[in-house]
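Keep the model in view and try each task before you read its solution.

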Amino acid sequence: MTTAVLTDRERTAVQAYLRLLHTVRAAFDAPPGSGRPPVVPPSVLAEAERALAEAGLSGNEEEFFRLLQSWCPAEP
């Protein structure tokens, strides 16, 4: 298995993305009929955007997901 060595900024971007992903999942895991719309705090979105920009990946989602895939490949 090959691994990618991430820069600190890339690692921060991946971690921010994972926090965003977990937050979105939690927001959509509300019980059906709860009457509560899914909400993602703006600060979580801002953190992910800022981390992507600082890693030079803002607007380059294809490269970011390629980096994410090489760092944490899916198991067969």
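**Exercise 1. Find which residues A13 touches, leaving out those up to four places away in sequence.**

Step 1. A contact means heavy atoms within 4.5 Å. With that rule, A13 touches A51, L52, A55 and F64.

Step 2. Now place A13: this residue is found in helix α1. Helices here are DSSP runs of H or I with at least four residues, strands are E runs of at least two, and both are numbered from the N terminus.

Step 3. Is A13 buried or exposed? Buried means under 20% relative accessible area, exposed over 50%, and partly exposed in between, using a 1.4 Å probe and protein chains only. At 1% relative accessibility, A13 counts as buried.

A note on the model: it is predicted, so local features need pLDDT of at least 70 and side-chain atom pairs count only at pLDDT 80 or more, while totals for chains, interfaces and linings use all residues. Residues are numbered from 1 along each chain as its sequence is written, and side-chain values use heavy atoms, leaving out hydrogens and water.

**Exercise 2. Work out how the buried residues of α2 are arranged.**

Step 1. Helix α2 covers residues 42–54. Its buried residues are V44, A48 and A51.

Step 2. Looking down the axis of α2, you find these buried residues within an arc of 65 degrees (taken from the directions from the helix axis to the C-beta atoms), so they line one face of the helix.

Step 3. What do the buried residues of α2 pack against? Their partner is α1.

Step 4. Turn to the face away from the buried side: there α2 carries the exposed residues P42, S43 and E49.

**Exercise 3. Describe the aromatic pair and say what it ties together.**

Step 1. The structure holds 1 aromatic pair. Y17 and F65 form this edge-to-face pair, with 5.6 Å centre to centre and 85 degrees between the planes. Rings of Phe, Tyr and Trp (its six-membered ring) pair if their centres lie within 6.5 Å; planes under 30 degrees apart count as stacked, over 60 as edge-to-face and the rest as tilted.

Step 2. Y17 lies in helix α1 and F65 in helix α3, so the pair ties together parts that are 48 residues apart in sequence.

Step 3. Check the accessibility: Y17 is partly exposed at 22%, and F65 is partly exposed at 40%.

Key
Expected span 1.5 Å × (residues − 1).
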